[in-house]
Amino acid sequence: MVKQPITINGVVRWRDVGTAEEDRRDHKERSMVVLRHEIGEVLRDFRQRQGRTLREVSHNARVSLGYLSEVERGQKEASSELLSSICGALDVPLALMLREVSDRVALAEGVGVPDTVPSELTNEFGKNLTPEWPKSPQPMAS
């Protein structure tokens, strides 16, 4: 057993925290990210922020209600076509959804991901691109 000091109201107590090997194993298990869970959480967040129901989004995406529910709960792996259809029904660019998933995975893995928005886009569309993405790609002036 490994003991860890804890101070409560100025009194030091020692707490058992397990073996060092258990700590390493637990950390490894906690840090494993399941991509379908992250995708499901992001899709649910977008839907709930819009105040929409599963039924409404499933109808607009032409996906069964049960399947969409399973995707949101991270129980089913969604194909790229299905993700595109769901994002279309949510009126959210697929790229934005994937970026949000990527940011969550990076955070869970403790990896810092720099903002990689090219300066041409920043100059053309402003500093904050994510709230109002263009509906269709805009040609960049040469």
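1. Basis. Residue numbers start from 1 along each chain as its sequence is written, and side-chain values use heavy atoms, with hydrogens and water left out. Because the model is predicted, local features need pLDDT of at least 70 and side-chain atom pairs count only at pLDDT 80 or more, while totals for chains, interfaces and linings use all residues.

2. Overall make-up. The protein has seven helices and two strands; these are DSSP runs numbered from the N terminus, with helices being H or I of at least four residues and strands E of at least two. Read from the N terminus, the order is β-β-α-α-α-α-α-α-α.

3. Burial and surface. Of the 142 residues in the protein, 23% are buried (buried is under 20% relative accessible area, exposed over 50%, partly exposed in between, with a 1.4 Å probe and protein chains only).

4. Contacts along the chain. Among contacts in the protein with a separation of 6 or more, 48% are between residues 24 or more positions apart. Contact here means heavy atoms within 4.5 Å.

5. The α3/α5 pair. Helix α3 (residues 54-61) packs with helix α5 (residues 80-90) at an angle of about 120°, and their axes are 8 Å apart. Axes are lines fitted to C-alpha atoms, for helices over the stretch in contact, and angles run from 0 to 180 degrees between N-to-C directions. On the α3 side the contact has V57, N60 and A61, and on the α5 side S85, I86, A89 and L90. The residues of this contact divide into five nonpolar, two polar and no charged. Nonpolar covers Ala, Val, Leu, Ile, Met, Phe, Trp, Tyr, Cys and Pro, charged covers Asp, Glu, Lys and Arg, and the others, Gly among them, are polar.

6. Faces of α3. V57, S58 and A61 are the buried residues in α3. They cover an arc of only 100° around the axis, which puts them on the same side of α3; the arc is that of the directions from the helix axis to the C-beta atoms. R55 and H59 are exposed on the other side of α3. The cover over the buried residues of α3 includes α2, α4 and α5.

7. Faces of α5. L82, L83, I86, C87, A89 and L90 are buried in α5. Seen down the axis of α5, these residues fall within an arc of 160°, so they line one face of the helix. E81 and G88 are exposed on the other side of α5. The buried residues of α5 pack against α2 (35-49), α3, α4 (65-72) and α6 (94-109).

8. Positive phi. Most residues other than glycine have a negative phi. R62, which follows α3, has a positive phi near 60°. R62 is in the loop between α3 and α4 and is exposed, with a relative accessible area of 79%. D91 lies in the loop between α5 and α6 and is exposed at 52% relative accessible area.

9. A buried glutamate. E72 in helix α4 is buried, with a relative accessible area of 4%. Leaving aside neighbours within four places in sequence, E72 is in contact with G40, E41, L43, R44, R47 and L54.
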